[in-house]
Amino acid sequence: MTRTRIAAVVGLAVLALALAGCGGSDDEASGTTETTTTEATDTTASGTTLSASVGPGFEISLTNADGSDVTTLAAGTYTIDVDDQSDAHNFHLTGTGVDEMTDVGGTGTDTWTVTLEAGSYHFQCDPHASSMNGDFEVTG
Ligand SMILES: [Cu+2]
């Protein structure tokens with residue numbers, strides 16, 4: 001009786017190991033087809049220096065160091081190098097805790113240090129807000 005039960009337990013243990021082995025190989029197979037997520041690489045890290053530019057034409061942009069448009073930032077403090085290249089446009093950044101702008105009639109460079117919190121931020125040229133603008137998200 002006891003010996004039969006031991007044999008049954010051993011048998012179940014062997015079966016369980018066999019199933020676990022199958023499960024393990026399935027996991028490995030699915031791991032090789034894992035899709036890459038773009039979200040992680042699109043989120044710019046806190047502390048990064050960004051570039052804000054407006055002009056000389058009807059162009060406005062906020063870009064990462066590699067020249068790509070800022071789309072998602074991690075919450076934190078950033079340095080923004082601003083280049084206002086036109087006396088007909090300005091760069092105006094707004095969002096939670098931030099309201100920074102250059103003069104419309106002035107030109108030149110400036111450096112802003114801004115602390116961004118989770119939420120939506122917006123930048124625009126005030127005289128041409130409907131056509132010269134952009135948005136990005138800050139994640140907590
Ligand atoms: Cu403008």
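Let me start with Thr102, which at 11% relative accessibility counts as buried, where buried means under 20% relative accessible area, exposed over 50% and partly exposed in between, with a 1.4 Å probe and protein chains only. Thr102 lies in the loop between strand S7 (98-101) and S8, with helices (H or I, at least four residues) and strands (E, at least two) taken as DSSP runs and numbered from the N terminus. If we leave aside its neighbours within four places in sequence, Thr102 is in contact with Val82, Asp84, Asn90, Phe91 and Trp112, contact meaning heavy atoms within 4.5 Å.

Residues are numbered from 1 along each chain as its sequence is written, and side-chain values use heavy atoms, with hydrogens and water left out.

From Phe91 we come to the aromatic residues. Rings of Phe, Tyr and Trp (its six-membered ring) pair if their centres lie within 6.5 Å, and planes under 30 degrees apart count as stacked, over 60 as edge-to-face and the rest as tilted. By this rule the count comes to three aromatic pairs. Phe91 and Trp112 form a tilted one, at 6.1 Å centre to centre and 55° between the planes. Because Phe91 lies in the loop between S5 and S6 and Trp112 in strand S8 (residues 108-116), this pair ties together parts that are 21 residues apart in sequence. Both Phe91 and Trp112 are buried. Tyr121 and Phe136, by contrast, form a stacked pair, 5.7 Å centre to centre with 10° between the planes. That pair links distant parts of the chain, with Tyr121 in strand S9 and Phe136 in strand S10, 15 residues apart, and both of these residues are buried as well. Phe91, Trp112 and Phe123 form one aromatic cluster.

Which residues are the protein donors of the copper ion? They are His89 (ND1), Cys125 (SG) and His128 (ND1), lying 1.9 to 2.1 Å from the ion, where donors are N, O and S atoms within 2.8 Å of the metal (3.2 Å for Na, K and Ca), and, as water is not among the atoms, sites may look incomplete. The two histidines link distant parts of the chain, His89 being in the loop between strand S5 (76-84) and strand S6 (92-95) and His128 in the loop between strand S9 (119-124) and strand S10 (133-139), 39 residues apart. In sequence, the donor spacing reads H-x35-C-x2-H. His89, at 2% relative accessibility, counts as buried.

One backbone detail: the peptide bond from Gly55 to Pro56 is cis, with omega near 0°, and Pro56 lies in the loop between strand S2 (49-54) and strand S3 (60-63).

Finally, the whole chain. The protein has two helices and ten strands, and buried residues make up 26% of its 140 residues. Mean pLDDT, the predictor's confidence in each residue from 0 to 100, is 82, and 71% of the residues reach 70 or more. Over residues 6-31, however, pLDDT stays under 50, and the model has zero contacts there beyond four places in sequence. Where pLDDT is low, the predicted coordinates should not be read in detail.

Notes
Predicted model: local features only at pLDDT ≥ 70, side-chain atom pairs only at ≥ 80, totals over all residues.
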